[in-house]
Amino acid sequence: IDCLFENALTALTIQIQDSEAFELDIRYSKFLHNEVLCIKLSLLTPGTNGTSQVFLRVFDTHFMGNGLRNRRLTESGIIKITSKAEVNITSARIITSIQNVTCSENYGYFMNLNASSAVTEETFTDIRLHHNIQSLSQKVARKFAVDSLYYSVTRETRVRLINIQCIQNFDLRCIAIHSQKADVEIRNSKLVGQSANESNLNKGAGLFLVANITALLNVSNTNFISNKAAMGGCVFVNAPDGTLTAKFTNVKFEHCDASRTGCALAVGEPPLPHQYYGSCPSKMHLTITNANIVACQGKSRKCIIVFLCLKSGVIAIEGSQWMNNLQKTSSSLRIRAENGNGEVALSVSRSSFKNNEGSSISMKAPNSNGGNITIVDTLIANNVKRSTTGLSISPKYLLKLVNVSIVQAHYGLKMISRADPRREVYPVDIAVYNCTFKDN
């Protein structure tokens with residue numbers, strides 16, 4: 001309590017061995033100008049009963065000016081928690097509570113949690129991460145998995161991030177999570193200006209989340225502004241061949257870009273050149289409510305603003321708007337249904353797509369059974385000078401439009417599919433009620 005850790009190589013180094021429970025509590029302290037790490041916890045062996053619990057609490061503490069610039073082979077950062085790779089700690093639990101912490105003008109990451117066999121319960125509240133800088137080159141940072149302020153590799157992750165201010169950190173993603181099972185909540189937060197120099201962060205400059213079995217993501221009352229990555233400029237999420245449940249409520253994506261796809265958001269990955277299938281969740285339930293996606297753009301080539309790839313599931317969009325996404329964008333919302341036994345259901349209600357470049361809603365089913373689409377009380381109105389398509393829908397989908405207006409598009413509705421002799425003929429089923437197609 002009320003300690004000053006200053007000008008050390010590593011301020012605190014603790015090795016945990018043969019212990020069933022370990023606790024570290026830090027309050028009202030300062031860590032200033034430490035060279036490599038501020039806090040390092042290493043879980044070497046479990047307790048005598050084969051289990052181990054680690055409790056870390058950091059409250060009301062300031063980290064500033066730590067780390068060294070231009071390190072070549074070793075990383076620097078603030079907090080690092082590891083478990084020894086050759087020790088099979090099947091019942092390790094890491095419980096962290098970080099509250100009212102400022103991390104500014106440091107070289108390196110904020111939290112590196114590398115414990116692939118552990119289960120975590122983490123809470124971060126009132127955290128300010130600003131003007132931190134990557135201490136390594138991007139190539140070396142990826143090798144050491146330290147290209148994010150918060151980086152987690154565990155068996156199961158449960159993390160709550162509340163009132164996180166992640167602002168103008170250079171060459172560092174804000175949040176990265178790799179796990180078998182993940183349960184992530186972000187609320188009342190602001191992620192601004194996460195970018196890299198020449199080669200952008202690979203995926204998700206604000207949030208990168210990949211869970212191999214199940215992923216639960218709940219983002220609410222959060223703004224993503226001026227974030228840049230190769231794919232998923234703000235957010236990249238995937239549960240390859242697993243199950244994804246995600247909710248975005250009262251969120252803003254503004255002035256974000258990507259050099260590949262998903263200027264604002266990417267779920268799953270499109271197939272690479274010469275590949276037939278992409279990487280995506282087997283089942284997905286995605287809800288987007290009261291989202292504002294404004295002035296996002298492609299970087300070196302046209303990108304899709306929101307890209308969603310799945311094999312089966314339900315997508316519901318309500319009360320959201322895409323507006324003024326005009327620079328190097330090919331589609332506002334594109335959904336790609338990959339090979340799978342299930343179908344995809346999309347509902348869009350009380351939403352608007354105004355002054356965007358490219359198609360507004362595009363639904364493709366190159367390798368799937370299709371499904372159904374319902375669009376209600378929605379406006380699509382683009383600049384007449386641009387070649388745009390209101391709705392570009394695969395005929396595999398049953399389409400229902402109710403009180404939809406499509407104004408000043410090159411094509412109001414386009415349903416075209418290339419002939420495929422390997423597949424049966426799909427009937428076209430369209431229902432249109434009380435709709436307006438004007439000046440197309």
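# A guided tour of the predicted model

By the distance rule for salt bridges, the count in this structure comes to 15. A salt bridge here is a side-chain nitrogen of Lys or Arg within 4 Å of a carboxyl oxygen of Asp or Glu. The model is predicted, so local features need pLDDT of at least 70 and side-chain atom pairs count only at pLDDT 80 or more, while totals for chains, interfaces and linings use all residues. Residues are numbered from 1 along each chain as its sequence is written, and side-chain values use heavy atoms, with hydrogens and water left out.

**Stop 1: salt bridges**

Select glutamate 121 and arginine 93. Their side chains meet in a salt bridge of 2.3 Å, N to O. Glutamate 121 belongs to strand E9 and arginine 93 to strand E8 (residues 91–104), so the pair ties together parts that are 28 residues apart in sequence. Strands (E, at least two residues) and helices (H or I, at least four) are DSSP runs, numbered from the N terminus.

Are these two residues buried, partly exposed or exposed? Buried means under 20% relative accessible area, exposed over 50%, and partly exposed in between, using a 1.4 Å probe and protein chains only. Glutamate 121 counts as partly exposed at 32% relative accessibility, and arginine 93 counts as partly exposed at 30%.

Next, select glutamate 185 and arginine 160. Their side chains form a salt bridge of 3.1 Å, N to O. This pair links distant parts of the chain, with glutamate 185 in strand E11 (residues 173–187) and arginine 160 in strand E10 (residues 148–167), 25 residues apart. Glutamate 185 is buried, with a relative accessible area of 17%, and arginine 160 is buried, with 13%.

Then select glutamate 318 and arginine 350. The closest N and O atoms of this salt bridge are 2.8 Å apart. Glutamate 318 lies in strand E23 (residues 313–318) and arginine 350 in the loop between E26 and E27, so parts that are 32 residues apart in sequence are tied together. Glutamate 318 is partly exposed at 34%, and arginine 350 is partly exposed at 47%.

To end this stop, select Arg158, Arg160, Asp183, Glu185 and Arg187. Salt bridges that share partners join these residues into one network.

**Stop 2: the nonpolar cores**

In soluble globular proteins, nonpolar side chains tend to be buried together. A nonpolar core is a set of buried Ala, Val, Leu, Ile, Met, Phe, Trp, Tyr and Cys residues joined through side-chain atoms within 4.5 Å. Select Ile39, Phe110, Phe124, Phe248, Phe253, Leu308 and Ile315. Of the 104 residues in the largest nonpolar core, these touch the most other members. Which strand gives this core its largest share? Strand E9 (residues 109–130) does, with eight residues. A second, separate core has eight residues, including Tyr151, Ala176, Phe236 and Ala266.

Now centre the view on phenylalanine 248. Leaving aside residues up to four places away in sequence, phenylalanine 248 touches Leu217, Val219, Val235, Phe253, Leu265, Leu286, Thr287, Ile288 and Thr289. Contact means heavy atoms within 4.5 Å.

**Stop 3: threonine 289**

Threonine 289 counts as buried, at 18% relative accessibility. With residues up to four places away in sequence again left out, threonine 289 touches Phe248, Thr249, Asn250, Glu318 and Ser320. Select lysine 247 as well: the C-alpha atoms of threonine 289 and lysine 247 are separated by 7.9 Å, although the two are 42 residues apart along the chain.

**Stop 4: paired strands**

Strands of a sheet pair through backbone hydrogen bonds, either parallel or antiparallel. Two strands pair if DSSP finds at least two bridges between them. Select strand E29 (residues 371–381) and strand E26 (residues 344–349), which run parallel and are joined by six bridges. Serine 347 stands opposite threonine 374 in E29. E29 and strand E31 (residues 397–407) pair in the parallel sense over ten bridges, and the partner of threonine 374 in E31 is lysine 400. Strand E27 (residues 352–354) pairs with E29 in the parallel sense over three bridges, and serine 352 has leucine 379 in E29 as its bridge partner.

Finally, select E14, E17 and E21. These three strands form an open sheet in that order, with parallel pairing. Strand E14 (228–231) and strand E21 (297–298) stand at the edges, each with a single partner strand, so one side of each is left without a neighbour in the sheet. Strand E17 (residues 257–261) pairs with E21 over two bridges, and aspartate 257 has glutamine 297 in E21 as its bridge partner.
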